[in-house]
Amino acid sequence: MAKVIVTTSGKGGVGKTTTSAAVATGLALRGYKTVVIDFDVGLRNLDLIMGCERRVVYDFVNVIRKESNLKQSLIKDKRVSDLYILPASQTRDKDTLDIDGVGRVIEELSEDFDYIVCDSPAGIERGAFMAMYFADEAIVVTNPEVSSVRDSDRILGLLASKTKRAENGQDPVKEHLLLTRYDPLRVEKGEMLSVEDVTEILAIPLLGVIPESKDVLQASNAGCPIILENETDAGQAYDDAVGRLLGEDINHRFIEVEKKGFFNKLRLFRS
Amino acid sequence: MRFLDFFRSNKKTSATVAKERLQIIVARERSTRGGPDYLPLMKEELLLVVRKYVMIDESAVQVQLERDGDCEVLELNITLPEEEKEGV
């Protein structure tokens, strides 16, 4: 049985697709057979971030409507073995996703994969509901910024009530906070919400902090998941986050201004 | 960071303002989340009833639903304006 992970946020442009691509790639790099599904029907983008846009033939909606089978529709990543992409449809509207159809596809994928990463569209409409409905775990992607934090809180409410787990009275969806576009220098100046501020408000465990980085745009320009750029801060931060997702105990990095001395870092790790 | 904060504690940073605003709005939104749909309408009607006697602003009525285990507590808070309070 595969574990289903949704990457969600409510607000758009906070880094959901970047995160889905990085986390799926990270899981595959660690030897887990992983598929990442784009739920943003009508506004397909995961294929670009993964660099496989020219290889899309069939998509998620084709599979749901049985116009193609999974084997035809899954795109195998060329860099990482055990990594597959199921792209969203570009032409049809979001209402083509239905619970039964999505459930059937996820069930079929479950037989073959260890992890299914669902890349949610922004908003709280059908696509976002479908992406979270079957989730076992959720990565709530948040920017240290008021509207993003508020939307994330709203999403947490939905995860607790509108998922299959919630409806069936099972254990709740395991929630993880991923704080992206974090700038320790601005935090120090009091211009940006800190990790502590956001975790205090949202009150869910911190999976990782991804520093604001020019490398993320560079990687998306090239269609390469940022986690593969393993010399970059953002890539390393994602790799740490994937480790934590798998239960490893890894200290948080990139959350203090670098010039800080050794003792400051030590204090941070202890707290 | 905290050491530096000590010196600028009299000046509120924008991050502090952001945090305070978020704490308030998030608490308010959580309190109505999952609550019954009739709450906003009930609030409207309560407002009309109170206005028969005292003119109050819409923001003077606060309805909060709190959950404590199996027990749900509906908390109504109506703030009367100063002059009316003295008159009554």
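**View 1. A:Ser89 and its contacts in the predicted model.** Setting aside neighbours within four places in sequence, A:Ser89 is in contact with A:Asp40, A:Val41, A:Gly42, A:Leu43, A:Arg44, A:Asp59 and A:Val61. Is A:Ser89 buried or exposed? Its relative accessibility is 0%, so A:Ser89 counts as buried, the cut-off for that word being under 20%.

View 2. Next, follow residues 126–133 of chain A, which form helix α6. Six of the eight residues in this helix are buried, so the helix is largely enclosed by the rest of the structure. Which ones are they? The buried residues of α6(A) are A:Gly127, A:Ala128, A:Met130, A:Ala131, A:Met132 and A:Tyr133. Look around them for their packing partners: β1 (3–8), α5, β5 (115–119), α7 (146–159) and α8 (164–167), each in chain A.

**View 3. Where chain A and chain B meet.** Here you can see the contact between the two chains, to which chain A brings 20 residues and chain B brings 15 residues. About 1,700 Å² of area is buried between them, and carbon and sulfur atoms give 53% of that area. How many salt bridges are there between chain B and chain A? The count is four. A salt bridge to look for joins the side chains of A:Asp153 and B:Arg30, with a distance of 2.5 Å from N to O.

**View 4. The largest pocket.** Now move to the largest pocket, which holds about 590 Å³ of space. Its lining is made of 28 residues, and those closest to the centre are A:Gly13, A:Val14, A:Gly15, A:Lys16 and A:Thr18. In chain A, α1 (16–29), α2 (46–50), β7 (174–182), β8 (206–211) and α11 (214–222) each supply at least two lining residues. Sorted by class, the lining has 11 nonpolar, 10 polar and seven charged residues.

**View 5. The second largest pocket.** Finally, visit the second largest pocket, with about 420 Å³ of space. Of the 16 residues that line this pocket, B:Arg28, B:Ser31, B:Thr32, B:Lys43 and B:Val63 lie nearest its centre. Two or more lining residues come from each of α2 (14–32), α3 (39–51) and β1 (61–68) of chain B. The lining of this pocket divides into five nonpolar, six polar and five charged residues.

Terms used
Residues numbered from 1 in each chain as written. Chains lettered and ligands numbered in written order. Predicted model: local features only at pLDDT ≥ 70, side-chain atom pairs only at ≥ 80, totals over all residues. Heavy atoms only, no water. 1 Å grid on protein atoms, 1.4 Å probe; cavity = no way out; pocket = protein on both sides within 12 Å on 5 of 7 lines; lining within 4 Å. Points joined across faces, edges and corners; volume = space filled by probe spheres on them. Helix = DSSP H or I, 4+ residues; strand = E, 2+ residues; numbered from the N terminus. Nonpolar A, V, L, I, M, F, W, Y, C, P; charged D, E, K, R; others polar. Buried < 20%, exposed > 50% of the residue type's maximum accessible area, 1.4 Å probe, protein only. Contact = heavy atoms within 4.5 Å. Buried area = accessible area lost by both parts, 1.4 Å probe.
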